[in-house]
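I opened this model to look up a few of its parts and keep notes as I went.

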Amino acid sequence: MKSKQSRRSFIKTGAALAALGTTGILRVHAGESSLLKIGLVGCGGRGCGAVVDSFTIDPNTKLVAAADIFEDRGNAGIEGLKNVLGDRIAINKDNLFIGFDGYKKVLESDIDVVILATPQHFRPETIRAAIAAGKHVFAEKPVAVDGAGLKIILEAAKMAKEKKLNLVSGLVNRYYSSTQETVKRIHEGAIGDIRSAVANRMGGGLWKRPRVEGDTEMKYQMRNWVNFNWIASEYINDVTIHQIDVALWCMGDPTPLSAIGMGGRLGRREIDTGDMYDAMAVTYDLGDGKVLQANSRQIPGCWPDAQSYLNGTKGYAIIRNSGFYCEIFGSHPFTAEKSPIPGKQFEHKVLLDAVRSGGATYVNNASYMINSTGTCLLGKLAAYTGKKVTWQEMLDYTEAKPASYDWDAVPPTLPDERGQYKIAVPLKGWEYI
């Protein structure tokens, strides 16, 4: 009975995602070159980087509203953007909004497009709010930390389709021409039927900012968001999602039935290092005997890898991150040429051209951005619990969160007297170790 229920849940979820009618990046209409007014939520490295990428590929854009929860980071980010882009950054103290509710003021501004680049804990609510406010959206990956967040985005995506509001995801590998051409050939049968895939993302350690005297625990964790589950939801979701997304794309974007996994903290031993693993391995059941293996590691000095490997009945393919290396081996060999336009720029061109087209071109990446984020969350839960976890169980999972959003709020996890945080222990739950 349980397997039948899981299968029905899988079919139901897949149908809901398909109903969004994702158009991807096909045949982008150039449209008119009228000025587009942009808003930014999250003035950190990724948010400001997205502005530079967007403005580099499209010169007729202006930043007219911005927000960040930290005043110093907001000011520094905007100052840096002004140094690069000059008066196209039309931000001053009146339209730089500081605080947890700053995004609301950006959305109340006269903007056409909003770039959402806060930590992913906040992505579901900001996407929903942006669509409700009638704004076109660029949403950095990933888009949620739990199944509850994915359900919010699914509803927001349906609303975006009804309103004809474009929604582009930061899963950037889908926007490199070299990767697109390689995947197109794979879909046409260049390596036959794909039976298995491997998604590897192995790199150095996570960054960490020191505690500042007078800061509350909430402020410390927000400044170190990448180290905490409730804000970032593990390395597999924050970074390995790129390779997982490519593997799923090549295989037709299946929704996994279930996953089993393992992981732990092998090298991360010092205090104040959050509550995440530094190594994780997950095996996904994609149905019909097909599997996806995802491997994550962030330990300095170890062998690096950022590639997706596809194994088919007639050959195999290797797709490197950011379109740097894509090759097909077997009866239909192929080596992709380097993309002439960086994917981080082209994804913004796709969005802005669609906005200018006035509806002639519509882009909604929600289907795959939800599916790939959910796949990563499924893997995290499998590794943390030591159990076989189904897609529906992932959707039913809600991550702990603060009761309120202010600097005196109590985060879901707190350090012990040594400065250590509880870690997920399979079958046991969360423990100080």
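The notes below cover a strand, a helix, a cavity and a sheet, all in a predicted model.

**Entry 1: strand β1**

I started with strand β1, residues 36–41. I asked how many of its six residues are buried. Five of the six are, so β1 is largely enclosed by the rest of the structure.

Next I looked up its partners. β1 runs parallel to strand β2 (residues 61–68), and six bridges join the two. β1 also runs parallel to strand β4 (residues 113–116), here with four bridges.

**Entry 2: helix α5**

I turned to helix α5, residues 123–132. Seven of its ten residues are buried, so this helix too is largely enclosed by the rest of the structure. I listed the buried ones as R123, P124, T126, I127, A129, A130 and I131.

**Entry 3: the cavity**

Rolling a probe the size of a water molecule over the atoms shows where empty space is left. The count came to one cavity of 30 Å³ or more, and the largest cavity holds about 30 Å³ of space.

Which residues line the largest cavity? I wrote down R209, P210, R211, V212, D215, Y220, R223 and N224. Sorted by class, the lining has four charged, three nonpolar and one polar residue.

**Entry 4: the nine-stranded sheet**

I traced an open sheet of nine strands with mixed pairing, in the order β14-β13-β12-β11-β7-β10-β9-β8-β15. At its edges stand β14 (334–335) and β15 (389–390); each has a single partner strand, so one side of each is left without a neighbour in the sheet.

Inside this order I looked at one pair. Strand β11 (residues 305–312) and strand β12 (residues 315–320) are antiparallel, paired over five bridges. In this pair, L310 stands opposite A317 in β12.

Technical notes: Residues are numbered from 1 along each chain as its sequence is written. This is a predicted model: local features need pLDDT of at least 70, side-chain atom pairs count only at pLDDT 80 or more; totals for chains, interfaces and linings use all residues. Side-chain values use heavy atoms; hydrogens and water are left out. Buried means under 20% relative accessible area, exposed over 50%, partly exposed in between (1.4 Å probe, protein chains only). Two strands pair if DSSP finds at least two bridges between them. On a 1 Å grid over the protein atoms alone, a cavity is a set of points where a 1.4 Å probe fits but cannot get out, and a pocket is an open set with protein on both sides within 12 Å along at least five of seven lines; lining residues have an atom within 4 Å of a point. Grid points are joined across faces, edges and corners, and a volume is the space filled by probe spheres set on the points. Ala, Val, Leu, Ile, Met, Phe, Trp, Tyr, Cys and Pro count as nonpolar, Asp, Glu, Lys and Arg as charged, and the others, Gly among them, as polar.
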